[in-house]
Amino acid sequence: MLSSAALLIALSSLHAVLGIPFSTPSNATSGLYSAFVSISIELVGFPAYAGSRSSPNQYSVNMVKTLGTFQNAMPVIRVGGNSQDRAIYDASYTGTAAATSCPSDSSAKTCIGPKFFDSYNSFPDTKYTFGFNQARNDASGANTLQKVVGLACKAIGVDNLEVFEFGNEPDLFSNNGYRSSSYNEANYVAEWKNNTGIIRGLLQSACPEFISQDVYGYMGPSLSSPGSNPLRSLTRTDTTQPERADSSVTVENTLMNHAKVKSSIGNHVNARNSINEDLDYVIGEHNSLYGGGAAGKSDTFGAALWAMDFSLYAATQGIKRVHFHFANGSPYSFWQPSGPNTLPSYYGALAAARLLGDSSKVSVVEIPQSVSTDVMYAAYENGKLARLAIINNKYYTSGTRGSKTYTVPVDGAGTLNLKSEILMGEAADTKNAVSFGGVQYRFADQGLPSSGGPAVQTWTASGQIQVSVQDSTAVVITVA
């Protein structure tokens, strides 16, 4: 007998959906990067998340490995953010990273020493984006660049570099006091060209294999394209979500709102389409709300549904990869390096990764819905339907939890062997009892899987998929 959380039909409202093709439709999006659901970590917090070669943070390692298993590729880890442009290198500093002054530079907000780079040895088979400090264009900044290039390339290794990044959000340099009010795009491009030329020369001396094996390249930190420099992809931080303290920001109306997800991604699509360059578009740093997120919003189960929806809609729009941003102590992080709990958004990322699978080989399409709280995506592999995702964004907090049965005709399909995995939480506005596919990844278990939540269900159908999804819940159905 199927569980009420998974496939109960009799007690739920019925909802018929227009048929979807069994074969890949012409409007499906393909050509995504592998490890579509990836990670960005504030530089200052990276050692806490990663640990070191001799003492890795096993909780983080297991969490990253699980995400990698779901998508057949370890997530790319971008190390950067605001603290990237505050980091000053001091060889005498014996700590890993600290939001404090350096012995050699009392004005530094973040100090890194030789031990910082050992953290790049913690995650197995992982590629990194390494961010260099652009904001400090003084003697300390120049010395940092001279020292850090060789340390970074040797720590990461030629096989584990995704791209470099020079500077973080340079459009904010004037507002943040790093540049004068007259600082403009031309100044930025000239600065970028000069310093990336210095980096190339330092790499040629310290790690010439990065040049000879053609892995040297950059993730662009803004929409300004420095012409002939070796940009591999264009990246933007996602600043379209509202301020976390805004009273109009709610879990229901902001996060569990597909129209706002579409608007947010639409801003990225417009930016990408405005650039007359043949560059792939990556969202290199994003999450639910500004400034590290908001407690009671970014750390609720509603944020898990948002993370799933945001990732999948971005994929349908040709965004090549998304990096969810982490910062130690921030409510929007998937987890904190020392616990105490795995936050719900991690499970939403797992659900998105499950639908996309090996994202470099998948085609994905949104299935339009007539009800604003209904969201549906289909993924195709080898020319046929592989997985279906349904998000029921109807807001639930307490009392009797409603559900809706979705009936999806699959045009051209015969017998379908189906498996459902449910993304479930206690309620939209809490962070309790969250699971995906009947599994939890808790800090108490060091991120290793343990049973919890609605179990996986399997069944056989003919020509259509019918599934009940509870309010404030989502499901991923695998088709065989």
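The lining of the second largest pocket is made up of 7 nonpolar, 4 polar and 2 charged residues. The model on screen is a predicted one.

**Stop 1: the pocket.** Select N341, T342, K431, A433 and R442, which lie nearest the centre of the second largest pocket. They are among the 13 residues that line this pocket. The space inside the second largest pocket comes to about 220 Å³.

**Stop 2: the cavity.** The structure holds 1 cavity of 30 Å³ or more. About 70 Å³ of space lies in the largest cavity. To see its lining, select L43, Q84, A87, I112, F130, G131, F132, N133, T144, L145 and V148. Strand β8 (128–132) and helix α3 (139–156) are the elements that give two or more residues to this lining. By type, the lining of the largest cavity has 7 nonpolar residues, 4 polar and no charged.

**Stop 3: helix α7.** Select residues 258–273, the 16 residues of α7. From first C-alpha to last, α7 reaches 22 Å, close to the 22 Å expected at 1.5 Å a residue. Now colour H258, V261, S264, I265, H268, V269 and A271, which are buried. Why do the buried residues of α7 line one face of the helix? Seen down the axis of α7, they fall within an arc of 165°, so they share one face. An α-helix has 3.6 residues a turn, so residues three or four places apart point the same way. Turn to the other side of α7 to find A259, N270 and N273, which are exposed.

Finish at the N-terminal end of α7, which N257 caps. A side-chain oxygen of N257 lies 3.1 Å from the backbone nitrogen of A259.

Conventions:
Residues numbered from 1 in each chain as written. Predicted model: local features only at pLDDT ≥ 70, side-chain atom pairs only at ≥ 80, totals over all residues. Heavy atoms only, no water. Helix = DSSP H or I, 4+ residues; strand = E, 2+ residues; numbered from the N terminus. Expected span 1.5 Å × (residues − 1). Buried < 20%, exposed > 50% of the residue type's maximum accessible area, 1.4 Å probe, protein only. Arc of directions from axis to C-beta. Polar contact = N/O pair within 3.5 Å; in protein donor to acceptor, adjacent residues only side chain to side chain. 1 Å grid on protein atoms, 1.4 Å probe; cavity = no way out; pocket = protein on both sides within 12 Å on 5 of 7 lines; lining within 4 Å. Points joined across faces, edges and corners; volume = space filled by probe spheres on them. Nonpolar A, V, L, I, M, F, W, Y, C, P; charged D, E, K, R; others polar.
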